[in-house]
Amino acid sequence: MQYKEYYSKHIRPDQSCLISLMNLDRDFISGKRNWIYDSKENKYLDLTGSYGANTLGHGNIVRDLAANFLKKNSLSFLQGNRGATAAKLAATFNRFLSEETNQKEWNIQFSNSGAEAVEIALKMSHFSFYKKLERRKVKLQEAYNKARKELEKNKDQKLIDILGHIKEHNNAIFDLPLKMIALEGAFHGKTVETLKLTYNQKLKNNITHDSSVIRIHREDEVKLVRQIEESKMSIQVPIFEDGRLKVNEESYYPISAIIAEPILGEGGVIELSSKFLHALREQATRIDAMFILDEIQSGCFRTGKLCYSHYHGITADIYTFSKGLSAGFSKCGITAIQMKKFPKGFDLIQSSTFAEDELSSYVANKTLKLAKSHFENNIDNISYLNSELRKLQHIYPSYIKEVRGKGLMLAIDFAKDLGIRNYEFKYFFDADMFGYLLSSALLNNESIRIAPTLSNQNSLRVQPSINIQKDEVDYLIKGITNLLNAIKSNDSSYFFSHMFEEEIGPFNNLTEEVKEAITKDMTQTTFFLNHPIETTDVKKIVTAFKYISDEKLEALMHATFHLQKFTPYYATDIIGDNGNKTRIVMLSIPVTSKVLYEKFRSKELSTVVDKVQKAIGFAKEHDGSTVGLGQFTSIITKNGMFLNNMGLNLTTGNSYTAKLAYDAGEIQDYLRINNSKPTIGFVGFGGNIITTMVSLAIKDAKKTILFHRGKENLNNKVLACLHELVHYISGMNCENSRNLREALKRPYETIETLLYNIKDYLVISNSLELLEECDVIYTGTNSTSGLFSIDNLKNGAKIVDLAVPGDFFGPTEKDGKIVRVTKGGIASFPKSYNKDVRINIPSFPLQTNQSFACMAETFSMGLSKIKDNVHIGPISINDIEKINIMANSAGFKISGDKNINSM
Ligand SMILES: Cc1ncc(COP(=O)(O)O)c(C=O)c1O
């Protein structure tokens, strides 16, 4: 069996795709200490350390001991039995915990994973909270009864009613759901409850939300207290004294626990300060909540002590442990709680089939003891690792922002601006995959296996086993140095040649101007959403991929699609002729129309729409006033109708596109040169933009011919559009359309008679024969291939082709005949106050001061004072007029024809 394919199909389809694309996979078959070997006997230095679980290294002695232990022990799981091995492990924890804290006695609860250990800690906190609440309620009940007896003596019904209200008030407070306090950046596991505590939103989307969590900022003690106080409630305790009913207010905090990792692991290996840890401890004591320290990653002697927090003299009420108990192969979760805080009765309700099992208890016990002694014996090499990594940071301060952590829980934090060094890094950085890009380079070039932290892609975790050797440290430092030098020398092959067979092009570095523009603060901003149209456009942006086949590039775009989002690619400030200012930001997603369309057509419509919606969310967060939907973002959101504008202006830009396209037909020039009105054809009557443009043409045309592609000439859609058009024409009062209006007034019984009456001015046809009558043709069907060529046209005809792909095909000159074809109109930026505006995105086809019409509409809205205005869905002639006034006031003008596809 091809197990890799089977794994991909049946276990992790999306992740497998990414792993194989980035060449992050090997056939690993054996391991020794920090080295692992593949089937071809290549060896790799393993620094992921099984995400911190492999404290003793591969092939460690506990594996052999465990194998012997299993051989000797024939019992399967036994529950409800006071097991010796579990008791031994509990004793070891008691010993270590009492050595490191001032608490002698600890209750030890067993489970099977880190997340489960945290679950138990939370469950215990809630259980304990409600137990304490029961006691409080009993006392309150006594107070109610005392007061009531007195009130009844006096037969004071009004006061008895008030007492009833007090009870209701208190009960409503007691019914409030309990909250927990957790840190920004926290990671506590992936069960639904622990996910609530976990900070990384991506892991929670569509699964849970954390309304029960008070999220606190690291190192901000003032805010911590303020947030706690914001949740404070007042319980009313009735007292009958001196013949009067009084009420005492007592504080009530519906908070069962404060939980923290003393070193935030997946958040990027960030140590909490001693001061902040003490503040957390104090606050938990003050509000009588459990203080839980999650030492699942930092504990079990990875930093030299059982608990990292003990370096700071902190004692938690509850600790959780897991990874470092496994010796890299056996699963065990431990929740240790101070004996005096252990809620009575809890052990009657807590159990799990596999918890307290012999094997994992045995392994955990051995591992803990070995880890402690190995750390003590290997302290020199561990210090060497720490100091060498920190030295590296000093040599490359612009690439390595920090080296963080302690002992063997370390991370190299790469500088954030590497994410905008070149468009290739930006591609991976924006998809939160920069860390994997570095990992892939290190695996393939340096034979070092390393991984980023889960919620902080810029941090590569360094978590070798406790037995790390000096030569291994040197090997690591050499590998990372090579990587840093490859960044320095812009060596794109170093990062990509192992991912693609083709030659790798050069990096496309962002200019300083663009870097500054996209990182500058955004205020009063207008956002325009866009993306590269074709793979050739993508290759202009990420030039390292310029020789990669289109299929592979598309595969990359598909594989990273879920991770991609709209991010700034260019920004600049503009001033309108109306004197208003706005910052314009081009929000791009590196995905072609084709890939978007394929996603849209597959079952991922809502994912695609969601990306656009999130871009609007981004705009809102960044003080945006307006969002414009460029290219496919309009189509895939049904012209914006699937979107929530979130109080911002939102536009498809279609009105101004229609207006400028109409102007590109140069009707006024025709009138001037020929001294007569043109016959104007519209191909694609029935479609929204073309149909709306017809309304603009009526006053200018000698005759208007409406072409459509329906089988019958007068189908329902055409009739409906015709009905609206007739209604519009009848309401016109310009001199030019008088003949047509008169003709429309003639009595008619059938629609055919009506059409006959107006045939000299307006014709509908589903054949293209009449095209050769037309002087100017506007065309915009959704046909996937060309519909007409010069052969169908009159000499000198002007065609405005809005269709993508175009409706016109073939040459524009033939046998002495010439036609002129344009793709629509391009606007120019307002001139009065601006320097030249150039949208500097590598794939962008526009010249200095040029803007596509839909962009001009968006920017005009941004330069107006309007708010919460939506121009989505079908456009109308009124919309066109309104937008035209706005664009005029902002100072946008038609700058000429365009020969590039519409946006
Ligand atoms: C601090 C911390 N808590 C909890 C967990 C969850 O552990 P598990 O993956 O065993 O459920 C992790 C895992 O990385 C962790 O780092």
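Here are some numbered notes on this predicted model, to read alongside the sequence and structure.

1. First, the ground rules. This is a predicted model, where local features need pLDDT of at least 70 and side-chain atom pairs count only at pLDDT 80 or more, while totals for chains, interfaces and linings use all residues. Residues are numbered from 1 along each chain as its sequence is written, and side-chain values use heavy atoms, with hydrogens and water left out.

2. Now the overall picture. The protein chain has 32 helices and 36 strands; these are DSSP runs numbered from the N terminus, with helices being H or I of at least four residues and strands being E of at least two. Its C-alpha trace spans about 105 × 90 × 55 Å along the principal axes.

3. How much of the chain is buried? Of the 903 residues, 55% are. Buried means under 20% relative accessible area, exposed means over 50%, and partly exposed is in between (1.4 Å probe, protein chains only). The accessible surface is about 40,100 Å², and carbon and sulfur atoms own 50% of that (Shrake-Rupley method, 1.4 Å probe; for residues, only the protein chains shown count as cover).

4. Next, who touches whom. A contact means heavy atoms within 4.5 Å. Taking the contacts with a separation of 6 or more, 70% are between residues 24 or more positions apart.

5. On to the second largest pocket, which holds about 1,700 Å³ of space. It has 48 lining residues, and closest to its centre are Ile635, Thr781, Asn782, Leu802 and Val804. Elements giving two or more residues to this lining include α21 (550-560), α24 (632-635) and α25 (654-664), but the largest share, four residues, comes from α22. A word on terms: on a 1 Å grid over the protein atoms alone, a pocket is an open set of points with protein on both sides within 12 Å along at least five of seven lines, a cavity is a set where a 1.4 Å probe fits but cannot get out, and lining residues have an atom within 4 Å of a point. Grid points are joined across faces, edges and corners, and a volume is the space filled by probe spheres set on the points.

6. After α25 comes Glu666, with a positive phi near 50°.

7. How many cavities of 30 Å³ or more does a search of the whole structure find? The search finds one. The largest cavity holds about 50 Å³, and its lining includes Tyr423, Tyr427, Val538 and Ile541. Both α15 (423-430) and α20 (535-541) supply at least two lining residues.

8. Have a look at Ile477 too, which sits in helix α17 (residues 470-488). Ile477 counts as buried because its relative accessible area is 11%. Leaving out residues up to four places away in sequence, Ile477 touches Glu388, Leu389 and Leu392. Gln103 is 374 residues from Ile477 in sequence, and 41 Å from it in space, C-alpha to C-alpha.

9. Lastly, two backbone spots to check. Arg33 is not a glycine, yet has a positive phi of about 50°; its place is in the loop between β1 (28-32) and β2 (35-38). Met646 also has a positive phi, near 50°, and lies in the loop between α24 and β24 (649-651). Arg33 counts as partly exposed because its relative accessibility is 33%, and Met646 counts as partly exposed at 30%.
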